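Hi,

Here is the structure I promised to send over.

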Amino acid sequence: MNKARVSPSLSVITFVALTSLAAGLSLSGCKPAYTSTETTTTTLTPAPKPPAQPATQSPSPSAQDSAQNLIICFGDSLTAGFGTDLGQSYPDELQRLLDAQGFHYHVVNAGISGNTTKDGLDRIHLVLARHPEIVVVEFGGNDGLRGLPIDQTQANLSSMLSQLQASGAEVVLAGITLPPSYGPDYIKKFDAMYPALAKQHHVRFLPFLLKDVYNVPGDMQEDATHATAQGNQQVALNVEALLKPLLKK
């Protein structure tokens, strides 16, 4: 794309985009707008129970999983592709980017709208069961909008990162920020959480998932919170830039 992109100040980005997110979630009672998203990527859902097997036997991976290395995009509505049509989430766009460049990876969309870090921690076993090579972790926005204790949010994220790394997966951490109405002290501590986690766990880090998407005409939905299909193309580019050193052909 040759589209000119605007690089707004953090204060404008935070106020315009994320104030709307707070309003939107308050209207919905912070409940998920939907529980999963079906895209051209594979969504992460519990597999049907197989026939009884000896307790020592591990479930075999699917043919698709064994044929290609897995990249799992694990997060909330920003990952799920809330408000866009099927096949328009950023994981879908990431799959297309990798395919076009000859990388043999299968991208799984494990985003669920409305999820907090506690929700992510509760379902991380589904991610671990797929034995991914790379996991992109994007959580925390819903915690912050609910005013949850940052120490607990950070602990939940840290546990996710530790479990993923212990499984042998490479991890990429994506951050988000909050509207000014949450107060400078809370926001400062919230914003500092992501680089601290990246440093602690030595993971690749994207400070703002929607970099070069906020305030760009056509890139954000009317809620000023979620990316459009066009915006998700840029989100995929943001993520791809961090993944590149981890990929192999």
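This is a predicted model: local features need pLDDT of at least 70, side-chain atom pairs count only at pLDDT 80 or more; totals for chains, interfaces and linings use all residues.

**Helices α8 and α9**

A quick reminder: two packed helices are described by the angle between their axes and the distance between the axes. Helix α8 covers residues 150–166 and helix α9 covers residues 184–201. Their axes come within 10 Å and cross at roughly 20°. Angles under 35 degrees count as roughly parallel, so that is what we call α8 and α9. The way α8 passes α9 is a right-handed crossing.

Who touches whom? On the α8 side you'll find I150, D151, T153, Q154, L157, S158, L161, S162 and Q165, and they meet Y186, K189, F190, M193, Y194, A196, L197, Q200 and H201 in α9. Sorted by class, this contact has 9 nonpolar, 7 polar and 2 charged residues.

**Helices α4 and α10**

Next up are α4 (residues 90–100) and α10 (residues 229–243), whose axes come within 8 Å and cross at roughly 60°. That angle makes α4 oblique to α10. Here, too, the crossing is right-handed.

From α4, the contact uses Y90, E93, L94 and L97. From α10, it uses A229, N232, Q233, V235, A236, L237, V239, E240 and L243. By class, the residues in the contact of α4 with α10 split into 9 nonpolar, 2 polar and 2 charged.

**Cavities**

How many cavities of 30 Å³ or more does the structure hold? There are 2 of them. Rolling a probe the size of a water molecule over the atoms shows where empty space is left.

I looked at the second largest cavity, which has a volume of about 50 Å³. Its lining is made of S77, L78, G81, F82, T84, L210, Q221, H226, A227 and N232. Of these lining residues, 4 are nonpolar, 6 are polar and none are charged.

Cheers

Notes. Residues are numbered from 1 along each chain as its sequence is written. Side-chain values use heavy atoms; hydrogens and water are left out. On a 1 Å grid over the protein atoms alone, a cavity is a set of points where a 1.4 Å probe fits but cannot get out, and a pocket is an open set with protein on both sides within 12 Å along at least five of seven lines; lining residues have an atom within 4 Å of a point. Grid points are joined across faces, edges and corners, and a volume is the space filled by probe spheres set on the points. Ala, Val, Leu, Ile, Met, Phe, Trp, Tyr, Cys and Pro count as nonpolar, Asp, Glu, Lys and Arg as charged, and the others, Gly among them, as polar. Axes are lines fitted to C-alpha atoms, for helices over the stretch in contact, and angles run from 0 to 180 degrees between N-to-C directions. Helices (H or I, at least four residues) and strands (E, at least two) are DSSP runs, numbered from the N terminus. Angles under 35 degrees count as roughly parallel, over 145 as roughly antiparallel, 65 to 115 as roughly perpendicular and the rest as oblique. A crossing is left-handed if the near helix is turned anticlockwise from the far one by less than a right angle, and right-handed if clockwise. Contact means heavy atoms within 4.5 Å.
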